[in-house]
Amino acid sequence: MPIEHLKPADGPERIAEVLARDGCVVVDRLTEPKTLARLRAELEPWLEATPLGPDDFTGRRTRRTGGLIARSATARELVSDPLVLGAVGGVLSHAKNFQLHLTQVIAIGPGEPAQAVHRDQWAFDFFPFPTGYEVQCNTLWAMTDFSAENGATRVVPGSHLREDKLTFAESDTEPAEMEAGSVLFYTGALYHGGGANRSDAVRYGLNLTYVVGWLRQEENQYLTVPREIARELPEPLLRLMGYARGAYALGYVDDLRDPIEVVRPELSRTGFGDLARARGQARGGD
Ligand SMILES: O=C(O)CCC(=O)C(=O)O
Ligand SMILES: [Fe+2]
C-alpha cells in the first residue's frame with residue numbers, strides 16, 4: 001500500500017482521517033527552507049555536541065538531540081503548529097487532552113543499518129492497547145530531503161490495525177520519501193523504523209510527538225526545560241508541555257492546584273497568592 005501524500009490546504013480533518021485509515025500520511029512542504037535553516041542554526045552547537053547512540057535501536061551511527069523547547073525558538077513554533085495540533089487532536093480526540101511526548105532531532109549518519117521495525121507505543125511497557133485505540137501521534141519533519149537511500153523512515157501503511165508484536169523485514173516496508181519541509185505523521189500503533197543510510201550525508205529529521213494526557217511523557221519536560229525558560233513561554237505551549245492536568249486530576253500540585261501556577265503564579269486562580277496568604281496567617285501575619 002503506498003503512503004498517501006496530502007497538501008497543507010487539505011486541512012487537519014483530512015490528515016486525521018487518513019491517519020485513522022492508514023496510520024501514516026505525508027504532508028508535503030508544511031514549512032519553508034528558511035524556517036529549517038533557522039532551526040538548524042539554533043541547534044547546530046547542540047547537534048555537534050550530541051554523542052552517538054549507545055545501542056542498535058537508538059543507532060550507533062545516529063545522534064539524537066533533545067530538549068528542543070529549551071534550545072530552539074523555531075522548534076517551539078513547530079511543536080505548536082496549528083495544522084499539526086488540529087490533526088493530532090483529531091487522532092487523539094477520545095482522550096480529554098493530549099500533551100507533548102518528546103522533541104528530538106534524529107540525525108542518521110552514513111552507514112547506519114535499518115532500525116528494527118517497531119511500534120512507538122511499545123514504550124509503554126508493551127501494554128496491549130485495543131486495536132484502533134491510539135494513544136500517541138507523531139510527526140517527523142524532514143530537515144533534509146528523505147530518500148530511500150539516505151534513511152527515509154520505513155513504514156507499513158495500515159499496520160496500526162494489525163496484531164501486536166509482529167516482526168517485519170525491510171522489504172515489507174515503504175520508505176517515506178519526501179522533500180525537506182514535509183512532515184510524516186504516524187500513529188503510536190504504526191509499525192515503522194528508521195531507514196538504513198546508504199548515502200554519504202547525514203539524514204536529519206525533527207521528531208515531535210504527542211501522547212494522551214494520562215500517559216507518562218517520554219521526554220521529561222519539567223526537568224529538561226529550566227524553570228527560567230519555562231516561565232517565559234506562552235501559556236498554550238506550557239500546557240502542551242504538561243503544565244496542565246491530564247484528564248481530571250493527573251499531575252496536580254499540592255492542594256489540587258493547576259501545575260501551571262508553579263511556573264506562572266499570575267495565571268493562578270486559587271494559587272500561590274492564596275497559599276502565601278494562608279501561610280502568612282498561619283504564622284500570625286495578615
Ligand atoms: O528516524 C526515523 O526515521 C524514525 C526513528 C524511530 O522510529 C524511532 O527511533 O523510534
Ligand atoms: Fe519509532
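A disulfide here is a pair of cysteine sulfur atoms within 2.5 Å. Keep that cut-off in mind. This is a predicted model. A search of the whole structure turns up 0 disulfides. Take Cys24. Its nearest cysteine sulfur belongs to Cys137, and that is 11 Å away. So, with a limit of 2.5 Å, Cys24 is in no disulfide. Cys137 is in none either; the nearest sulfur for Cys137 is that of Cys24. Buried or exposed, then, for Cys24? Buried, at a relative accessible area of 1%. Cys137 is also buried, at 0%.

Next, the ligand. His192 puts a polar side-chain atom 2.9 Å from a ligand oxygen. For Gln115, the distance from a side-chain N or O atom to an oxygen of ligand 1 is 3.1 Å. For Asp120, the corresponding distance is 3.3 Å. Now the area. Ligand 1 on its own exposes 290 Å², and the protein buries 94% of that.

Last, helix H5, residues 82-91. Its buried residues are Leu83, Val84, Ala87, Val88 and Val91. What covers them includes helix H1 (11-22). Strands contribute too: E2 (24-27), E4 (98-108), E5 (136-142), E8 (183-187) and E10 (203-212). One more detail, at the start of H5. There, a side-chain oxygen of Asp81 comes within 3.0 Å of the backbone nitrogen of Leu83.

How values were computed. Residues are numbered from 1 along each chain as its sequence is written. Chains are lettered from A and ligands numbered from 1 in the order in which they are written. This is a predicted model: local features need pLDDT of at least 70, side-chain atom pairs count only at pLDDT 80 or more; totals for chains, interfaces and linings use all residues. Side-chain values use heavy atoms; hydrogens and water are left out. Buried means under 20% relative accessible area, exposed over 50%, partly exposed in between (1.4 Å probe, protein chains only). Helices (H or I, at least four residues) and strands (E, at least two) are DSSP runs, numbered from the N terminus. Contact means heavy atoms within 4.5 Å. A polar contact is a pair of N or O atoms within 3.5 Å; within protein, one must be able to donate a hydrogen and the other to accept it, and residues adjacent in sequence count only if both atoms are side-chain atoms. Accessible areas come from the Shrake-Rupley method with a 1.4 Å probe; for residues, only the protein chains shown count as cover.
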